[in-house]
Amino acid sequence: MLPKPTIRKGQLVTTVASLERRVMGSVALRYALAPVFIALASLVFLSPVGPVFNPAGLFVLAVLATAWLGGAGPGFLAAVLGNFAIPELTAVPYPLLGGFIDVQRFVVFSIVGLAVGWCSSILVRVMHDEE
C-alpha cells in the first residue's frame, strides 16, 4: 500500500509556480536561450533535411522562441547572433555591411525579437498581477 502524499494540490501548484519564477527570473538563463536556439536552427539547417527549409525562416523561428521565452533583450541577442550565422551558412547574393552584417535580415530579426519579447513581457506582467 502506498503512503498518502503529504503535499496538497494547492501547495504543489504554488511550489511549481515559485520554481518557474526563479528559473525564468534568472537573467543569465534567459540570455542563454539565444545561442541555444540559434545553434539549434544552424544544426537543423546543416542536417540532411536542411535544404527543405529556408534559412531565414529557421532563424526567425529561433528569434521568436527566444523572445517569447526570454523577453525582448534575449530576442534581440538572438537577432544579432542569427544575423552573424546566416552569411556563414549560405551564400548571400548582395554585399554585406562591413562584410558580415546582413542589414535587411538584421532589421527583420530585430523587429520580430523586440516585438514578440515586448508582448511576452506584458503577458507575464499581467499574469503576475492577477495572482
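In helix H4, the buried residues are Pro74, Gly75, Ala78, Ala79, Gly82, Asn83, Ala85, Ile86 and Pro87. These assignments belong to a predicted model. The cover over the buried residues of H4 includes helix H2 (27–46), helix H3 (55–70) and helix H5 (103–130).

The length of H4 can be checked against its residue count. Helix H4 comprises 18 residues (residues 72–89), and at 1.5 Å a residue these should span 26 Å; because the end C-alpha atoms of H4 lie 25 Å apart, the model agrees with that expectation.

Within H5, Phe109, Ser110, Gly113, Val116, Gly117 and Ser120 are buried. Both H3 and H4 are included in what covers these buried residues of H5.

The protein contains five helices and zero strands, and its elements follow the order α-α-α-α-α from the N terminus on. Of the contacts between residues at least 6 apart in sequence, 63% join residues at least 24 apart.

Burial and surface can also be stated for the protein as a whole. Of its 131 residues, 27% count as buried. The accessible surface comes to about 8,800 Å², and carbon and sulfur atoms account for 73% of that area.

Notes
Residues numbered from 1 in each chain as written. Predicted model: local features only at pLDDT ≥ 70, side-chain atom pairs only at ≥ 80, totals over all residues. Heavy atoms only, no water. Helix = DSSP H or I, 4+ residues; strand = E, 2+ residues; numbered from the N terminus. Expected span 1.5 Å × (residues − 1). Buried < 20%, exposed > 50% of the residue type's maximum accessible area, 1.4 Å probe, protein only. Contact = heavy atoms within 4.5 Å. Areas by Shrake-Rupley, 256 points an atom, 1.4 Å probe, with all protein chains shown as cover.
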